[in-house]
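These are my notebook entries on what I looked up in the structure shown here. I took the strands, the helices and the chain contact in turn.

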Amino acid sequence: MNGLVGSGALMVSLPFLLLGMVIVPFGVRRQRPEWVALGYGAVYANFLLVSAATAAMLVALVTHDFSVSYVAQVGSRATPLFYTIISLWGALEGSILFWAWVLALYSVLVVSTNRARPGALVPYSAMVLLAISSFFAILLVGPANPFHSVFPVLADGPGPNPLLQNHILMGVHPPLLYLGYVGMSVPFAFAIGALLSREAESNDWIRLTRNWTVLTWGFLSAAIIAGMWWSYDVLGWGGYWAWDPVENASFLPWLTATAFLHSAMVQERRSMLRLWNINLVVGTFVLTILGTFLTRSGIISSVHAFTTGTIGYYFLAFIAVVLVATLVLVAGTSDKLRTTGHLDSAASRETVFLLNNLFLTAFMFTVLVGTLYPLVAEAVRGVKVSVGAPFFNRMSLPMIVALLFLMGVGPALPWKSATRAELRAKLLPPIVGAVVLTAVALLMGIHSLFGVLAFAFVGYSATANVREFWIGTRARRAAHGEMWVVAFVRLVLGNRRRHGGYIAHLGVFFVALGITASSSLRTESEGTLKPGESLTVSGRTVRLKQVWGREEQQRSVIGATMEVLSAGRVVGTMEPRMNFYPLSQQPVPTPDVRSGPRGDLYLNLMAVRPDGSSATVKAIFEPLVPWIWLGGGIIIAGALIGAWPAPTRRRESVAAVAPLPLPQESAA
Amino acid sequence: MNWKRSAIAAACAAPVIALFVVGMRIDPKDIPSPLPGTVAPSFALQVFAPGQAPLGRPIGDTVRLAEMRGQVVVLNFWASWCLSCRDEHAVLSEVARRYSGMPVRFVGSLYQDRTAAGTEWIAELGGQSYPSVEDPRARTAIDYGLYGVPETFIIAADGRIARKITGPAEAAVVVRIVDSLLAVASVAKAATQ
């Protein structure tokens, strides 16, 4: 029954999508608003149908309907409800369904909030979104159909991948990633819509696109940080980033989207970088599809790779179509996207944004080359190579440090040009911050050049950003006689985009400090302990109290109770565990982390004697790691403030009555 | 539209797409092994699962690679905790039966597992036509540079490793390799006579 509803809904949605995709451009060309409206109807219909299919899948999962192939693949009666629900995105077919649903949701939001906008941009954007949705609908009725009926119906299933049912963040990281990743389809649709409707010359589409990008960028940032946190809390190696191809795949569009958020402002203010911005938006989307292709085709060996099938070829075809179509369109219309503004002075905010874009795109290409190089080497020379963390670290550190510095210089500089006095007043005071954090870094024991530079530039830039808040608040307070808090809140709300951006900067600083400190100062020790014996790492002592085992609903657990000692007294206990899932070859480590402002004490249980007489424990002290997660929270707060629509502007757009595309010069 | 520029841009996409097309034909998990072509490491392991007549060997019997010189040996590493071993189990049993009476020996080697679990697993899957041996402390698996299970080594009559199959073995692949090795062996035999 669930299978029938799901399959049926998906099957019905495909013709709607294809019809909508075709009828919208005809409606625009022939000036038939009702055809465009029909296309919008397809967007709504698709959302309802995909929602029905997703709901059917959730019902099937929760009621253990093993006649549905996806449930037979990932379901199990013993799995707790929460993990049963989130197994919706735990394997290939379900994740494609979830993807299609998020895309359908975004499409509805785009159409419903912008359909009143005059011009052909929104109809063409809807066409692009319908086209992308069609691709996913084809996958869902074809090679990735999760609703195949299974006969005979099994009594129970194997359950989700053990790594995916071991931590609550599995309920957070994937949906955020989809919201960010799929969300990049919207700026792409706007960019293509702007090119097709010949609005790319105006700066208006940029404003629209930038707000969307801020939001999806926030989701993507949070998703990457949540993924790091999950890896740290589950995998037991005490790390959070390994430059794995699929981690890189999520990072690549983040880099170009970050570049766009900054360069978009240059276009809005100075009418420069039009073609560049189109390229960044289009490139970001292509990189999301590339990332999906890498994860789902099995083309690159990665811990994240899904099981593979023919689906890789579908993605390959999709990438080819997207790449060729957008290149043809962008290159063919690039004449029209000439810059009208120009750079007035080297000492200006736009110069900093240009440098920021330079470093971010260079960073993106570095990561892209490192990720794809093994593929190139094997295709061209037939040799197996792997590109590891040393390459990425060595190449990226100088760029990261430079970007950290620019994050302080940009906000301090005015647009167009700055006088010598302005430069001195703005750029000199933050040096105090740089000096302070350099001293902190040296006292902490960081001696590597880039480690110290990272601290110094974070000190500089954080001071510069905080100073912007300080100067603004003080000015408001003086002008309106407001209290400090009121003045601060009104300052932020008065220009949400700018101050949301500065807040996101502060989050990045926390992340940078956490990563720098933990990668330079991490210490670890490992020992096989009998009860009563202890292990010391970086001045912190843990003592094994006992080894225990217990059976849980869906797994067996072996754990070690460890006492944390301070000056000979027990100040707390920690319980690193190993979880054994049926049908799994290896235990899933479940490290225990004790966080403090100075860092984490991280315990991982490596092995135990079967009789419980000893346990092998790895203890790691990870300085400042909690700051990374804190920084992630601040980044998303900044993004939400930045993306929140200002109330007045919203009302204006609703008031603009021009429900359908204005007559356009036909290109034919 | 400037079509000339469009065409140039589209052409730039070609190498990227070509790279992915080539990439799709490459298996990233297919890690080259230095073993094929070299003399197979010798082993002498005890049978714990006897297999079925006519291919079977009694429990406790020692299977020595040295004694099988002149025959093609298919050495399959497996474990009861390994899911993909289930997939290939019936295939290998069936292929082994097809070669009964010919100079081909199939041997299963249990990897990182209890023999009781191995015996139970074989019973659950309806028996195994050829014998399986135990490999204490995985010594033989280490000699063969095992990457994971299942992994299958096909050893030619002259004692050299002809081919290594990573992951579940497919009937067609095994048959093709074994047949060609048999052909080579019979030609070599004819030449020496």
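I count two strands as paired if DSSP finds at least two bridges between them. The model is predicted.

Strand S9 (residues 599-608) of chain A pairs with S10(A) in the antiparallel sense, over 9 bridges. I noted that S9(A) and S10(A) form a hairpin with 6 residues between them, and that A:Gly612 in the turn has a positive phi of about 75°. Strand S1 (residues 523-529) of chain A also runs antiparallel to S10(A), joined by 7 bridges; here A:Leu529 has A:Ala615 as its bridge partner. Of the 9 residues of S10 (residues 615-623), 8 are buried, so the strand is largely enclosed by the rest of the structure.

Entry on helix H20. I compared length with expectation: at 1.5 Å a residue, the 19 residues of H20 (residues 625-643) of chain A should span 27 Å, and the end C-alpha atoms are 28 Å apart, which agrees. Because 14 of its 19 residues are buried, H20(A) is largely enclosed by the rest of the structure.

Entry on helices H2 and H5. The axes of H2 (residues 33-62) and H5 (residues 92-114) of chain A come within 9 Å and cross at roughly 145°. I recorded the crossing as left-handed. Residues making the contact include A:Tyr40 and A:Phe47 of H2(A) and A:Leu97 and A:Trp101 of H5(A). By class, the contact has 15 nonpolar, 5 polar and no charged residues.

Entry on the chains. I found 26 residues from chain B and 25 residues from chain A in the contact. Helix H1 (residues 3-24) of chain B gives the largest share of chain B's side, 16 residues.

Note on methods
Residues are numbered from 1 along each chain as its sequence is written. Chains are lettered from A and ligands numbered from 1 in the order in which they are written. This is a predicted model: local features need pLDDT of at least 70, side-chain atom pairs count only at pLDDT 80 or more; totals for chains, interfaces and linings use all residues. Two residues are in contact if their C-beta atoms, placed from the backbone, lie within 7 Å. Helices (H or I, at least four residues) and strands (E, at least two) are DSSP runs, numbered from the N terminus. The expected span of a helix is 1.5 Å times one less than its number of residues. A residue is buried if 20 or more other C-beta atoms lie within 10 Å of its own, exposed if 12 or fewer, and partly exposed in between; C-beta atoms are placed from the backbone. Axes are lines fitted to C-alpha atoms, for helices over the stretch in contact, and angles run from 0 to 180 degrees between N-to-C directions. A crossing is left-handed if the near helix is turned anticlockwise from the far one by less than a right angle, and right-handed if clockwise. Ala, Val, Leu, Ile, Met, Phe, Trp, Tyr, Cys and Pro count as nonpolar, Asp, Glu, Lys and Arg as charged, and the others, Gly among them, as polar.
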